[in-house]
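New page in the notebook.

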Amino acid sequence: MGRIEELFAKKQDKVLSVYCTAGFPELENTLTVMKALERNGTDMIELGMPYSDPLADGPVIQHSSTIALQNGMTIKKLFGQLKDFRKGVSVPVLLMGYMNPILQYGFEKFCADAEAVGVDGLILPDLPEYEYETEYGAVIKKYGLDFVFLITPETLEERIKKLDKLSTGFLYAVSSSSTTGKDKNMADVKAYLQKIKKLKLKNPVLVGFGIKDRQTFEAACENANGAVIGTAFIKALEQNNNIEEATKIFLSEVIS
């Protein structure tokens, strides 16, 4: 049983996954931020690999990626930073990023290196279902990595079921068809999540995009297994250069 499956076996609701950008605020802060997240109650970490042209990320996360790239962050450097990270981080960790830099690095080498350091899974929003099934999925499975697909309120029921079947770990329910960090009407999100719940999917469901505080986290968790917070945490790190303190204050305002 992998770490993600183990997490959901122990905890079926109010699972909190937090996104952070590798190499932000400073190049060598990656592990500092991850350890602070685990210490202060995060159940899972979504570690963003900075990219110059991210499709799904809003301005705050884009800005953190720009800074990380300016700091010198690369996939190679990231794997160097993660070499012994399991000595200090026990929660599940997924790498979130885009195909272009991974293909430049070498897709199989990327998966092999991810497994070697102790990464649990991947979220690659621009890897299409067809290419996953015909080419990349077998490589991802070969290295024991979970793969998480994203669905939106516009995703048809039949396709939701298909993506649920292909996903392992969990299914990522994007709260609306927009970028990260935008305010959402949680009443609309509720109706969408209730629709998903009725489908009785095989995977747990985490909600992302627009979850920023206790109120939105609790609302998301009413009809899902948990939620992902990204933009609001990046903002917290921007506003307080003491990583431990910023993380502690931020998470205390989300989880009771």
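My entries run from the whole chain down to single residues.

**Entry 1: the whole chain**

I began with a reminder to myself that this is a predicted model. I then looked up the secondary structure and found twelve helices and nine strands in the chain.

Next I checked the overall size. For 256 residues, a compact globule would have a radius of gyration near 18 Å, and I got 17 Å for the chain, so the two agree. The C-alpha trace spans about 45 × 40 × 35 Å along its principal axes.

How much of the chain is buried? I noted 55% of the 256 residues. For the accessible surface I wrote down about 11500 Å², with 49% of it belonging to carbon and sulfur atoms.

I also looked at contacts with a separation of 6 or more, and 73% of them are between residues 24 or more positions apart. Then I took the charges: there are 30 positive and 34 negative ones, and their mean positions are 3 Å apart.

**Entry 2: aromatic rings**

I looked for aromatic pairs and the structure holds eleven. I picked out Tyr-105 and Phe-110, an edge-to-face pair with 6.4 Å from centre to centre and 90° between the planes. Both of these residues are buried.

Which parts does the pair tie together? Tyr-132 sits in helix H7 (residues 129–142), while Phe-149 is in the loop between strand S5 (146–147) and strand S6 (150–151), so the pair links parts 17 residues apart in sequence. I checked burial here as well: Tyr-132 is buried at 3% relative accessible area, and Phe-149 is buried at 5%.

Back at Tyr-105 and Phe-110, I saw that they form one aromatic cluster with Phe-79.

**Entry 3: helix H11**

I moved on to helix H11, residues 231–239, and listed its buried residues: Thr-231, Ala-232, Phe-233, Ile-234, Ala-236 and Leu-237. What do they pack against? I found strand S1 (15–21), helix H2 (30–39), helix H3 (59–71), strand S9 (226–229) and helix H12 (243–252).

Buried or exposed? Leu-27 has a relative accessible area of 16%, and under 20% counts as buried, so I noted Leu-27 as buried. Leaving aside neighbours within four places in sequence, I found Leu-27 in contact with Asn-71, Gly-72, Met-73, Lys-77 and Gln-81. I also looked up Leu-27 and Ile-67, which are 40 residues apart in sequence and 9.0 Å apart in space, C-alpha to C-alpha.

**Entry 4: two lysines with positive phi**

Lys-14 has phi near 55°, a positive value in a residue other than glycine. I placed Lys-14 in the loop between helix H1 (3–10) and S1, and at 37% relative accessibility it counts as partly exposed.

Lys-200 also has a positive phi, near 50°. I found Lys-200 in the loop between helix H9 (186–198) and strand S8 (205–208). Lys-200 counts as exposed, with 70% relative accessibility.

Conventions
Residues numbered from 1 in each chain as written. Predicted model: local features only at pLDDT ≥ 70, side-chain atom pairs only at ≥ 80, totals over all residues. Heavy atoms only, no water. Helix = DSSP H or I, 4+ residues; strand = E, 2+ residues; numbered from the N terminus. Rg over C-alpha atoms; globule rule 2.2 N^0.38 Å. Buried < 20%, exposed > 50% of the residue type's maximum accessible area, 1.4 Å probe, protein only. Contact = heavy atoms within 4.5 Å. Areas by Shrake-Rupley, 256 points an atom, 1.4 Å probe, with all protein chains shown as cover. Lys, Arg positive; Asp, Glu negative; His and termini not counted. Charge placed at Lys NZ, Arg CZ, Asp CG, Glu CD. Phe/Tyr/Trp six-rings, centres within 6.5 Å; stacked < 30°, edge-to-face > 60°.
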